[in-house]
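Here is a short briefing on one protein model. It covers confidence, the sheet and the nonpolar cores.

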Amino acid sequence: MKESSEQTGLSPASHNGNGRAAAAGGVQSIERAFDLLEMLADAGGALGLSEVATASGLPLPTVHRLMRTLVNRGYVRQENSRRYTLGSRLIWLGETSSRALGTWLRPFLAQLVRETGETANLAMLDGDEVVYLAQVPSPHSMRMFTEPGRRVRVHCTAVGKAMLAQLPPEQARSLLEHSDMPASTPTTITDPDLLLAHLEVIRKQGYAVDEGEQEVGVRCFAVAVPDAPAAMAISTSGPQARMTDEAAARIVPALKHTALELSKAMAADGAA
């Protein structure tokens, strides 16, 4: 029996929990399944069936059928407590999507290299780590190399600090306090309070700097990508001798422009 919008609290023209309007002509059950996955992601932990039903506005039997299907496919996992959390099969989808995203957006990085003459990087926040999605190297013989897929600590990179600065302060503090902050170099910030104060500076100036905090002799400038589907940032990196404050005066505006172009491209792709 077909459920009415009055019964479910959702309809093809309604907005889901992320504020997006359901696309006209879309498959309602698929939209609902993705709504539930995003709800579990937003929760950051496990939810009970009744909690999911209440938050989604869907009838309990509908939620149960959707969750059972997602569990059978490996996209949701049911814990011993009977609560639901995201499943391991999403890791494969996420990694594949990240590689494809890096390939798709690589031309934007190539243009940034042409404008700045330095290596350009695209990275995403994954828990308390930074994952590099793509890199276009500088034409200089002395340049930086980072393999796509490489993971580094969030506290000691310009891209990591740029993304942390976009989070609410209490969320950034929680992330830092639940992760180690080892010193990669003598200049690495290892104190959460000191880094949180530094994030305020980043918010005000609109970009982050890695002062040799990940690798000795390497300096990076980074900005967050606004309105990205996940926390993302781009950076340029190079030897400290070239990455001077004078260089920042021309590199940072190029980074901000490219970040906006990336944001527009992803928004247009989502709208399509």
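Buried means under 20% relative accessible area, exposed over 50%, and partly exposed in between (1.4 Å probe, protein chains only). Helices (H or I, at least four residues) and strands (E, at least two) are DSSP runs, numbered from the N terminus. By these terms, strand β8 (residues 232-239) is mostly covered: eight of its eight residues are buried.

This is a predicted model: local features need pLDDT of at least 70, side-chain atom pairs count only at pLDDT 80 or more, and totals for chains, interfaces and linings use all residues. Residues are numbered from 1 along each chain as its sequence is written, and side-chain values use heavy atoms, with hydrogens and water left out.

**Confidence**

- pLDDT is the predictor's confidence in each residue, from 0 to 100.
- The protein chain averages 85, and 89% of the residues score at least 70.
- Residues 1-22 stay under 50 in pLDDT. For this stretch the model has 38 contacts (heavy atoms within 4.5 Å) beyond four places in sequence.

**The sheet**

- Six strands form an open sheet, in the order β5-β4-β3-β8-β7-β6. The pairing is antiparallel; two strands pair if DSSP finds at least two bridges between them.
- β5 (151-153) and β6 (208-211) stand at the edges, each with a single partner strand, so one side of each is left without a neighbour in the sheet.
- Neighbouring strands are turned by 30° against each other on average, direction ignored. Axes are lines fitted to C-alpha atoms, for helices over the stretch in contact, and angles run from 0 to 180 degrees between N-to-C directions.
- β8 pairs with β3 (residues 119-126) over six bridges. Here L122 stands opposite I234.
- β8 also pairs with β7 (residues 218-224), over seven bridges. F221 has T236 as its bridge partner.
- β3 and β4 share seven bridges. A123 is partnered by Y132 in β4.

**Nonpolar cores**

- A nonpolar core is a set of buried Ala, Val, Leu, Ile, Met, Phe, Trp, Tyr and Cys residues joined through side-chain atoms within 4.5 Å.
- The largest core has 30 residues; L122, F221, V225, M232, I234 and M266 touch the most other members.
- α5 (89-116), β3, β4 (129-136), β7, β8 and α9 (245-271) each supply at least two residues of this core. α9 gives the most, with nine.
- M232 touches L101, L105, L122, A123, M124, L133, M163, A224, V225 and M266, not counting residues up to four places away in sequence.
- A second, separate core of 28 residues includes V154, L167, A172 and A233.
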